[in-house]
Amino acid sequence: MAITLSIVLCSLLLHLVQAHSDTCPAPPASGVSYRFNISIPAGCTPYTSTCTFYAALRTNNNSSAWLDYYMEGAATGYLALGWNNISQTQMSDIIACAYNSQTNAVQVVDTFVGANNVVVTDSNYRYLCNQTAGTYTGSRMSCSYSRSYSTHDSVNDYRIDGLFYALYGLGNSLPSVGVNNTLNFTSPFSLTISNYVINPRWYPSTAAPPTTNATVTVPTTLPSSSPGAVQAHVVLLICMICAVVTLSGM
């Protein structure tokens with residue numbers, strides 16, 4: 001009986017820790033600086049027609065467990081940005097901003113590129129927040145969202161707290177619209193792979209991307225008391241408590 005109760009207690013406590021990490025942060029304020037950006041062509045001026053594609057990310061002001069993203073580009077189908085720890089498009093974790101032809105709006109879509117470059121829509125959106133409808137002018141689109149550096153789906157999502165290649169691109173092929181306005185991609189993404197790796201959560205890292213925002217100060221090493229480390233310590237403490245409760249009840 002004591003063992004059963006301790007297992008239930010441990011499960012509940014672990015659920016509470018996980019639920020806390022799922023809390024959506026406040027959206028970024030207007031006019032904030034983004035510490036990392038990538039563009040086509042490299043070094044183009046963002047928010048202008050000189051950029052065929054532009055994407056940027058930053059740590060959320062209110063929670064370092066979340067990253068704020070912004071994408072824009074000269075596309076009528078989709079914009080895409082994601083990560084892979086190998087320099088390849090297969091098995092990559094990609095977030096797309098895609099045009100929904102039925103609602104005439106831009107949607108944020110969580111996807112995963114499979115072994116055959118097939119784009120799979122991930123229905124688990126628990127780690128995405130602050131998704132905006134973006135803008136769509138018929139020749140250009142944009143969107144923004146916040147993503148947890150952690151993951152709730154180890155099959156289709158990466159925990160982006162390590163060194164990754166950036167994958168980015170855009171296209172004019174429209175996704176199909178399914179039930180409840182779910183968007184599905186019937187064609188592979190057109191993606192460029194960076195020739196460097198970064199840690200998306202703690203940029204800068206081993207190599208510098210083509211363009212960066214030098215006005216923003218960011219840590220050069222992962223702090224020892226990062227949210228991920230704190231959560232791991234809490235989980236370890238919970239398990240130790242559960243073990244004590246179990247042993248005392250035997």
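The structure holds 3 disulfides, a disulfide being a pair of cysteine sulfur atoms within 2.5 Å. The model is predicted, so local features need pLDDT of at least 70 and side-chain atom pairs count only at pLDDT 80 or more, while totals for chains, interfaces and linings use all residues. Residues are numbered from 1 along each chain as its sequence is written, and side-chain values use heavy atoms, with hydrogens and water left out.

Let me begin with Cys-24 and Cys-129, whose sulfur atoms lie 1.8 Å apart in a disulfide. The torsion about their S-S bond is about -55°, so this disulfide is left-handed. Cys-24 sits in the loop between helix H1 (2-21) and E1, and Cys-129 in strand E8 (residues 128-129), so the pair ties together parts that are 105 residues apart in sequence. Helices (H or I, at least four residues) and strands (E, at least two) are DSSP runs, numbered from the N terminus. Are the two cysteines buried or exposed? Cys-24 has 47% relative accessibility and therefore counts as partly exposed, whereas Cys-129, at 3%, counts as buried. For these words the cut-offs are under 20% relative accessible area for buried, over 50% for exposed, and partly exposed in between, with a 1.4 Å probe and protein chains only.

The next link joins Cys-44 to Cys-51, with an S to S distance of 1.8 Å. Its angle about the S-S bond is 100°, and the link is right-handed. Cys-44 and Cys-51 are both buried.

The remaining pair is Cys-97 and Cys-143, joined with an S to S distance of 1.6 Å. Cys-97 is buried, as is Cys-143. Counting bonded cysteines along the chain, the disulfides follow the pattern 1-5, 2-3, 4-6.

I turn now to the strands. The secondary structure of the protein chain comes to 2 helices and 15 strands. An open sheet of 6 strands, with antiparallel pairing, runs in the order E7-E6-E5-E4-E11-E14; two strands pair if DSSP finds at least two bridges between them. Its edge strands are E7 (119-121) and E14 (192-198), each pairing on one side only. From one strand to the next the twist averages 30°, where axes are lines fitted to C-alpha atoms, for helices over the stretch in contact, and angles run from 0 to 180 degrees between N-to-C directions. E14 pairs with strand E11 (residues 164-171) in the antiparallel sense over 4 bridges, and Phe-164 stands opposite Ile-198 in E14.

What of strand E1 (residues 36-40)? In E1, 4 of the 5 residues are buried, so the strand is largely enclosed by the rest of the structure. E1 pairs with strand E2 (residues 53-59) in the antiparallel sense over 5 bridges, and Asn-37 has Ala-56 in E2 as its bridge partner.

Next, the core. The largest nonpolar core has 34 residues, and Met-71, Trp-83 and Tyr-145 have the most contacts inside it. Such a core is a set of buried Ala, Val, Leu, Ile, Met, Phe, Trp, Tyr and Cys residues joined through side-chain atoms within 4.5 Å. Leaving aside neighbours within four places in sequence, Met-71 is in contact (heavy atoms within 4.5 Å) with residues including Phe-53, Leu-81, Ile-95, Cys-97, Cys-143 and Tyr-145. A second, separate core of 13 residues includes Ala-80, Ala-96, Val-119 and Phe-189. Across the protein chain, buried residues make up 44% of the 250 residues.

Finally, some backbone geometry. Most residues other than glycine have a negative phi, and most peptide bonds are trans. The peptide bond from Ile-40 to Pro-41, however, is cis, with omega near -5°, and Pro-41 lies in the loop between E1 and E2. Met-91 has a positive phi, near 60°, and is found in the loop between strand E4 (78-84) and E5. Asn-130 also has a positive phi, near 55°; its place is the loop between E8 and strand E9 (135-136). Asn-130 is partly exposed, with a relative accessible area of 25%.
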